[in-house]
Amino acid sequence: MRTLRYILLASVMLVAAFSPSKSVAQVSLNSYFNVDWQFNIPLGNSFSNGASGWGMNFEGGYYVTQDIALGGFLNFHTNNEYFPRQTISLTETLSMNSRQQHQMFTMPFGVLARYRLMEADFQPYVGMKLGACYAEFNNYYYIFEKSQDRWGFYMSPEIGFNYYPWPNGIGFHMALYYSFATNKCNLMSYKQSILNNIGFRLGIAF
C-alpha cells in the first residue's frame, strides 16, 4: 500500500522524538512510548461495518509535569466487509449484478495529552488524541474497483494503563478508546458522513 512508507517514517520520527534518556523502573519516568496491536468496531458505518484486528498504534509522550504528558501519535487500521450478490447502480442508466468487497483504510495522526492517575509500576491514565485522519475507501466488484481518498478531523478519548513489572525493562500497555472522524465517503450508492469506532489496544510500553 502506498501509505506504508509514511507509516514507517512517522514511526521512526516518534521513536526518535521520545527516546528515553535515563534508566528507572520503566525506561524513563519523564517519557513513554507505546507500540500496540489494535482492534476496532465501526459504529453505524454503512460502507464497511466489519470489526477488525488489522491495525497498529504508535504513540509517545513527555511528562511536562509529574502527571501530565504531551506527545504525538499515529495509528492505522483496515476494515473489510463482504456484500453478497446484488444489483449495483453504476450510472443513472447502467447497473450490474455482482458481489462486493468493501475495504476502508484509516490513518489518523496528531497530538495527544495524557493524565497519569498514579506514578508507580502500574500507571492508569486518561487521555485524548486530536489530529487529522487520512482515509481510503475501496469497493471491489467483479474485476472492477472504485476508490476515494478523503481527509478529516480526528478525535479520540481513551482510558488505559502502562504496567512495568520488571526494573529497567519494558512493560505492557492496554487501552479502551472511542474515535470520531469527519471523513466523508460518497462512492457509488454508498454515503458516509462521519466515522465512529470503539476498540481496544494491547501492546508494549517503554
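Strands are DSSP runs (E, at least two residues) and are numbered from the N terminus. This briefing concerns a predicted model, in which local features need pLDDT of at least 70, side-chain atom pairs count only at pLDDT 80 or more, and totals for chains, interfaces and linings use all residues. Residues are numbered from 1 along each chain as its sequence is written, and side-chain values use heavy atoms, with hydrogens and water left out.

**Cavities**

- A cavity is a set of points, on a 1 Å grid over the protein atoms alone, where a 1.4 Å probe fits but cannot get out; lining residues have an atom within 4 Å of a point.
- Grid points are joined across faces, edges and corners, and a volume is the space filled by probe spheres set on the points.
- Two cavities of 30 Å³ or more are found by this rule.
- The largest cavity holds about 130 Å³, and among its 16 lining residues Asn40, Thr106, Tyr154, Ser179 and Asn197 are the closest to its centre.
- Two or more residues of that lining come from each of β1 (31-42), β3 (68-89), β4 (95-116), β7 (171-181) and β10 (195-205).
- The lining of the largest cavity comprises seven nonpolar, eight polar and one charged residues, where Ala, Val, Leu, Ile, Met, Phe, Trp, Tyr, Cys and Pro count as nonpolar, Asp, Glu, Lys and Arg as charged, and the others, Gly among them, as polar.
- The second largest cavity has a volume of about 30 Å³, and its lining includes Glu59, Arg114, Lys129 and Glu158.
- β5 contributes the largest share of this second lining, four residues, and the lining divides into four nonpolar, one polar and four charged residues.

**Nonpolar cores**

- A nonpolar core is a set of buried Ala, Val, Leu, Ile, Met, Phe, Trp, Tyr and Cys residues joined through side-chain atoms within 4.5 Å; buried means under 20% relative accessible area, exposed over 50%, and partly exposed in between (1.4 Å probe, protein chains only).
- In the largest core, of 17 residues, Tyr32, Phe47 and Phe137 touch the most other members.
- β5 gives the most to this core, with three residues.
- A second, separate core of seven residues includes Phe33, Phe58, Leu74 and Phe76.

**Aromatic pairs**

- Rings of Phe, Tyr and Trp (its six-membered ring) pair if their centres lie within 6.5 Å; planes under 30 degrees apart count as stacked, over 60 as edge-to-face and the rest as tilted.
- The structure holds 13 such pairs.
- The ring centres of Trp37 and Phe200 are 5.6 Å apart with planes at 75°, so this pair is edge-to-face.
- Because Trp37 lies in strand β1 and Phe200 in strand β10, the pair ties together parts 163 residues apart in sequence.
- Trp37 is partly exposed at 37% relative accessibility, and Phe200 is partly exposed at 26%.

Note on methods
On a 1 Å grid over the protein atoms alone, a cavity is a set of points where a 1.4 Å probe fits but cannot get out, and a pocket is an open set with protein on both sides within 12 Å along at least five of seven lines; lining residues have an atom within 4 Å of a point.
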